[in-house]
Amino acid sequence: MTLIPFDDRDGQIWYDGALRPWRDAKLHVLSHGLHYASAIFEGERAYAGHIFKLRAHTERLFRSARLLGFEIPYTVEEIDDACRQVIAANGMVDAYVRPVAWRGSEMMAVAAQPSKIHVAIATWAWPAMFADRMAGIRLDMAEWKRPHPETAPTASKAAGLYMIGTLSKHAAEAKGFQDALMLDWRGRVAEATGANVFFVFDGELHTPVPDCFLDGITRRTVMDIARRQQIKVVERAIMPEELPRASEVMLVGTGAEVTPVREIAGLHYTPARITAALLTEYEQVVRMEPAAVERHFAV
Ligand SMILES: Cc1ncc(COP(=O)(O)O)c(C=O)c1O
């Protein structure tokens, strides 16, 4: 596969209030966001021309920024509009959308209160995070642990929290796996490097309590879908010793969508009825008009 670097593409990127040519959307190397990870981002997907759960993503972008001590200098409505503008300007119908906000170059030290806050929004085609989805993916166990919420702003989609995600995913890929399952600092099952995890135990859908990692928008959508389908949903502490007893495992996230898992470090699973049912309805729901999505879950 030929990789085209992201800075060597054409299109439009929304940058600090206006669309700019893709190649001009640059920042200075002396940016606080780059050196001190004072950056937060979102990951969204547009389906059939609509960004799925756009408002929820934009609201999380604002919450993530506040958790890092800064305010996005726009309104939620302006960012929603900017996301829509970006997909329209790039002629996208099914696409990934990436808003990002960071502290600028005014101060290069740990403290950087007067920094200008920059916001950019880009979009690109990203068909599926994992090829051949229904075959299921193979996860290794990560060595890095999701940190205690007093150790890092774990509810934020903060760039710095992805440091251990990248290390874990690289280590897993080096061993031939596609991703890694991360435990938290207590040794409980947490999530994958960029997606939440669900298990089927005795016909029920179980997922860890998101008290030190992202409570994903897809995670909540999948729980709503399961309840609509009369599948019992249980949020609880899940220990790695329980994994052999699970009958189905799946990752869920904006990027991963609903991705069946066929192995966790030597334990084998076969995607079956519940995975297929959740995946099928998820694929239908994301393609609905935003108002129809609301109605779908209102009853
Ligand atoms: C670390 C991590 N956890 C969970 C998720 C799932 O979040 P969402 O469903 O809101 O995309 C993501 C992003 O997709 C993520 O990067």
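How many residues of domain 1 are in contact with how many residues of domain 2? The count is 19 residues of domain 1 and 14 residues of domain 2, where two residues are in contact if their C-beta atoms, placed from the backbone, lie within 7 Å. The model is predicted: local features need pLDDT of at least 70 and side-chain atom pairs count only at pLDDT 80 or more, while totals for chains, interfaces and linings use all residues. Residue numbers start from 1 along each chain as its sequence is written.

**View 1. The two domains and the side of domain 1 that touches domain 2.**
Domain 1 covers 12-124 and domain 2 covers 133-298, with bounds from an automatic or database domain assignment. Their centres, taken over C-alpha atoms, are separated by 25 Å. On the side of domain 1 that touches domain 2, the elements giving two or more residues are β3 (39-41), β4 (44-47) and α2 (54-67). Helices (H or I, at least four residues) and strands (E, at least two) are DSSP runs numbered from the N terminus. The largest share of this side, five residues, belongs to α2. By residue class, this side of domain 1 has ten nonpolar, four polar and five charged residues. Ala, Val, Leu, Ile, Met, Phe, Trp, Tyr, Cys and Pro count as nonpolar, Asp, Glu, Lys and Arg as charged, and the others, Gly among them, as polar.

**View 2. The largest nonpolar core, with C83 and L181.**
This core has 67 residues, and C83 and L181 touch the most other members. A nonpolar core is a set of buried Ala, Val, Leu, Ile, Met, Phe, Trp, Tyr and Cys residues joined through C-beta atoms within 7 Å. A residue is buried if 20 or more other C-beta atoms lie within 10 Å of its own, exposed if 12 or fewer, and partly exposed in between, with C-beta atoms placed from the backbone. Helix α3 (residues 76-89) gives the most to this core, five residues. At least three residues of the core come from each of domain 1 and domain 2. Not counting residues up to four places away in sequence, C83 touches E44, I51, L54, V97, P99 and I121.

**View 3. The shell around the ligand.**
There are 15 residues around the ligand, and G216, I217, T218, G253 and T254 come nearest. A residue counts as near a molecule if its C-beta atom, placed from the backbone, lies within 6 Å of it. Helix α5 (residues 217-228) gives the largest share of the shell, three residues. The shell consists of four nonpolar, nine polar and two charged residues.

**View 4. Strand β14 and its partners β11 and β15.**
Strand β14 (residues 248-253) is largely enclosed by the rest of the structure, because six of its six residues are buried. E248, M250 and V252 point one way from the strand, and V249, L251 and G253 point the other way. In a regular strand the side chains alternate between the two faces of the sheet. β11 and β14 run antiparallel and are joined by five bridges; two strands pair if DSSP finds at least two bridges between them. V200 has E248 of β14 as its bridge partner. β14 also pairs with strand β15 (residues 257-264), in the antiparallel sense, over four bridges. M250 has P260 of β15 as its bridge partner. A hairpin is formed by β14 and β15, with three residues between them.

**View 5. Two glycines in loops, G194 and G136.**
G194 is in the loop between β10 (189-192) and β11 (196-201). It is partly exposed, because 19 C-beta neighbours lie inside 10 Å. Leaving aside neighbours within four places in sequence, G194 is in contact with G165, G253, G255 and A256. G136 is in the loop between β7 (117-124) and β8 (137-146). G136 is buried, with 23 other C-beta atoms within 10 Å. Apart from residues up to four places away in sequence, G136 touches P260, V261, R262 and P271. G136 and E263 are 127 residues apart in sequence, and their C-alpha atoms are 7.9 Å apart.

**View 6. Positive phi at A48 and D202.**
A48, a residue other than glycine, has a positive phi near 50°. A48 lies in the loop between β4 and β5 (50-51) and is exposed, with 11 other C-beta atoms within 10 Å. D202 is not a glycine either, and its phi is positive at about 50°. D202 lies in the loop between β11 and β12 (204-207) and is exposed, with 9 other C-beta atoms within 10 Å.
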